[in-house]
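The following dialogue shows a student how to read a protein model feature by feature. Please keep the sequence and the structure in view while reading.

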Amino acid sequence: MSRRVVVFDLGMVLSTPAGLYDDLARVLQVTSAQVEQVFWRHRHPYDEGLGDREYWARTVAELGTGAELDDATLAELVAVDVGAWRSPRPEARRILADLRTAGVETAILSNAPSSFAAAAPDFDWHDQIGTWFFSGPLGMAKPAAAIYETVERDLHAAPADLWFVDDKQVNVDAATARGWHAHLWVDDADTRAWLTAEGFLPGS
């Protein structure tokens, strides 16, 4: 029987960052709408390995407030950002627990900065996942083909051995192009239904 590994993206697929913009706005003393407008502008370089200070300096500069990024503010921004993404939704936790009970091998493939990767071993659900891949320490991010190749190599898995859930169509398309079984995330119920249809979880 061939090997079968389920690979999850993290943000949105497992966790929803409720209140992220509000909490960052409090630290930066601006509005949530202002934070939302600038948060993603430099995120891809951050996910590819740009340092915390460089990312947040660029992001704060985009706000145009003239605020200085001191060490204490930087540490608080990083802590808020990491904290917003670190906890899966209850139903996502149940999916992971059910996969583990079923003996299914799992991995995370997430576009996330190195500071998030450094915090991951302390997550209270860390042991629910077999292998973790974060773009920041790897210096590459989805949808670059090289990051999917890295997962295949490190897991010693063929593309056809990998089932993948991601919330961005471009990332799903890149995985599909390599031969992975890839599924666009909709919600937890849809994820469970897909994993059940693919034979990883028992039907109701």
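Q: Is Leu69 buried or exposed?

A: Burial is judged by relative accessible area: buried means under 20%, exposed over 50%, and partly exposed in between, with a 1.4 Å probe and protein chains only. Leu69 has a relative accessible area of 17%, and therefore it is buried.

Q: What kind of model is this, and how are its residues numbered?

A: This is a predicted model, in which local features need pLDDT of at least 70 and side-chain atom pairs count only at pLDDT 80 or more, whereas totals for chains, interfaces and linings use all residues. Residues are numbered from 1 along each chain as its sequence is written, and side-chain values use heavy atoms, with hydrogens and water left out.

Q: Where is the place of Leu69, and which residues does Leu69 touch?

A: Helices (H or I, at least four residues) and strands (E, at least two) are DSSP runs, numbered from the N terminus. Leu69 is found in the loop between α4 (52–63) and α5 (71–85). A contact means heavy atoms within 4.5 Å. Not counting residues up to four places away in sequence, Leu69 touches Arg53, Trp56, Ala57, Val60, Leu74 and Leu77. The C-alpha atoms of Leu69 and Leu28 are separated by 9.3 Å, and these residues are 41 residues apart along the chain.

Q: How many helices and strands are there in the protein?

A: The protein has eleven helices and five strands.

Q: Why does the radius of gyration of the protein agree with that of a compact globule?

A: The radius of gyration is taken over C-alpha atoms, and the globule rule is 2.2 Å times the number of residues to the power 0.38. With 204 residues, a compact globule would have a value near 17 Å; the protein has 18 Å, so the two agree. Along the principal axes, the C-alpha trace of the protein spans about 60 × 35 × 30 Å. Of the 204 residues, 47% count as buried. Among contacts with a separation of 6 or more, residues 24 or more positions apart account for 64%.

Q: Which residues of the largest nonpolar core touch the most other members?

A: In soluble globular proteins, nonpolar side chains tend to be buried together. A nonpolar core is a set of buried Ala, Val, Leu, Ile, Met, Phe, Trp, Tyr and Cys residues joined through side-chain atoms within 4.5 Å. The largest such core holds 51 residues, of which Phe8, Trp56, Trp125, Trp132 and Leu195 touch the most other members. Helix α5 gives the most to this core, with seven residues. Another core, of 15 residues, lies apart from it and includes Leu109, Tyr148, Ala174 and Trp180.

Q: Where does Val38 lie, and is Val38 buried or exposed?

A: Val38 belongs to helix α2 (residues 32–38). Because its relative accessibility is 3%, Val38 counts as buried. Leaving out residues up to four places away in sequence, Val38 touches Thr59, Glu62 and Leu63. Val38 and Glu62 are 24 residues apart in sequence, and 6.3 Å apart in space, C-alpha to C-alpha.

Q: Which residues have a positive phi without being glycine?

A: Backbone angles are read residue by residue. Met12 lies in the loop between β1 (5–8) and α1 (20–28). The relative accessible area of Met12 is 27%, so this residue is partly exposed. Another is Gln29, with a phi of about 60 degrees, in the loop between α1 and α2. At 73% relative accessibility, Gln29 counts as exposed.

Q: Which residues does a cis peptide bond join?

A: The angle to read here is omega. A cis peptide bond joins Lys142 and Pro143, with omega about 10 degrees. Pro143 is located in the loop between α8 (135–138) and α9 (145–155).
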